[in-house]
Amino acid sequence: MKSDISQARLPAHVAVIMDGNGRWAKRRLMNRIKGHEKGSQTVRTIVSTCREIQIPFLTLYAFSTENWARPKSEVSALMHLLKKFLVSEQDEMMEKGICLKVLGQLERLPEDVRNQAEETMAATCHNHQMTLNLALSYGSRREITDAVQMVAKKIQAGELAVADISEQVVADHLYTAGMPDPDLVIRTSGEFRLSNFLLWQSAYAEIFVTHTLWPDFTKEEFIEILTNYQKRDRRFGKVECSMPSDGSPQ
Ligand code: IPE
Ligand code: IPE
Ligand code: MG
């Protein structure tokens with residue numbers, strides 16, 4: 001499998017909207033929570049695959065700012081699963097040199113989950129092989145709004161001039177400061193929407209939607225998507241490289 005992928009055109013950053021856990025459970029007449037449990041196994045598989053093929057940044061959308069509006073029992077089950085994941089995966093992250101970061105409103109998480117997230121982030125912060133971003137209580141609009149507030153405060157304090165607000169300055173105030181933008185955004189479960197995920201950062205990401213529900217998503221399908229990504233022509237608004245610079249057809 002690994003041999004199908006060209007090491008030369010590997011994405012530096014893959015972001016995944018892990019969707020479809022509830023439908024996976026519903027189809028089996030199970031409680032939605034069972035779908036989340038099964039989905040957390042897929043998380044393990046995809047993290048270790050990324051590490052294996054040396055993708056430096058992986059961002060997983062695990063819980064959105066909008067997901068707080070779900071039934072209390074589902075939210076608390078998800079929080080419990082998150083904590084369990086952080087505890088059970090910490091040794092593996094250390095072994096594999098994975099650094100964990102949480103993108104989102106850490107302060108909104110229940111205290112025990114927040115403490116565990118902080119502990120795992122501190123324990124893994126010197127690992128350099130790969131960064132795993134967990135988007136938790138994450139919302140892109142909130143992230144951008146916070147960045148605007150931070151920049152405004154710097155202007156008010158006289159630390160920054162209005163004319164100095166560049167795209168780079170905005171990017172430097174997002175949760176993803178210092179990281180490359182996602183090259184590839186994958187969404188499982190067949191929905192063609194971004195659901196408030198990395199709106200700024202995904203400006204030029206390649207998007208791939210699969211109908212597979214997240215608990216059924218496999219290493220094989222992930223590799224297939226990466227292979228498809230490598231065949232895409234990323235033009236970034238320009239003309240194809242083979243085209244003469246005056247734009248006339250060859
Ligand atoms: C994704 O699965 C997990 C989270 C949003 C936390 P869903 O729970 O959204 O599953 P569906 O979309 O209802 O199938
Ligand atoms: C997006 O899935 C959020 C996560 C995967 C964490 P949702 O299921 O919450 O999104 P919508 O409601 O389909 O847009
Ligand atoms: Mg969903």
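## The second largest pocket

In this predicted model, the lining of the second largest pocket can be sorted by residue class into ten nonpolar, four polar and five charged residues. The volume of this second largest pocket comes to about 360 Å³. It is lined by 19 residues, and those closest to its centre are Glu-167, Ala-171, Asp-181, Trp-200 and Gln-201.

## The largest pocket

The largest pocket has a volume of about 630 Å³, and 30 residues line it, with Met-18, Tyr-61, Ala-62, Phe-63 and Asn-67 lying nearest its centre. Several elements give two or more residues to this lining, namely helix H1 (21-27), helix H2 (32-52), strand E2 (57-64) and helix H3. The largest share is that of H2, which contributes five residues to the lining of the largest pocket.

When the residues that line the largest pocket are divided by class, twelve are nonpolar, ten are polar and eight are charged. As for how such spaces are found, rolling a probe the size of a water molecule over the atoms shows where empty space is left.

## Ile-33 and its surroundings

Helix H2 is also the element in which Ile-33 is found. If residues up to four places away in sequence are not counted, Ile-33 touches Ser-73, Glu-74 and Ala-77. A further pair to look for in the structure is Ile-33 and Asn-21, which are twelve residues apart in sequence, while the distance between them in space, taken from C-alpha to C-alpha, is 8.1 Å.

## How helices H3 and H4 pack

Helix H3, which covers residues 72-96, packs with helix H4, residues 111-124, at an angle of about 15 degrees, and the axes of the two helices are 9 Å apart. Because angles under 35 degrees count as roughly parallel, this angle makes H3 roughly parallel to H4. The crossing of H3 and H4 is left-handed.

On the side of H3, the residues that take part in the contact are Met-79, Leu-82, Lys-83, Leu-86, Val-87, Gln-90, Met-93 and Met-94, and in H4 they meet Asp-112, Val-113, Gln-116, Ala-117, Glu-119, Thr-120, Ala-123 and Thr-124.

Technical notes
Residues numbered from 1 in each chain as written. Chains lettered and ligands numbered in written order. Predicted model: local features only at pLDDT ≥ 70, side-chain atom pairs only at ≥ 80, totals over all residues. Heavy atoms only, no water. Axes fitted to C-alpha atoms, helices over the stretch in contact; angles between N-to-C directions. Helix = DSSP H or I, 4+ residues; strand = E, 2+ residues; numbered from the N terminus. Parallel < 35°, antiparallel > 145°, perpendicular 65-115°, else oblique. Left-handed = near helix turned anticlockwise from the far one by under 90°. Contact = heavy atoms within 4.5 Å. 1 Å grid on protein atoms, 1.4 Å probe; cavity = no way out; pocket = protein on both sides within 12 Å on 5 of 7 lines; lining within 4 Å. Points joined across faces, edges and corners; volume = space filled by probe spheres on them. Nonpolar A, V, L, I, M, F, W, Y, C, P; charged D, E, K, R; others polar.
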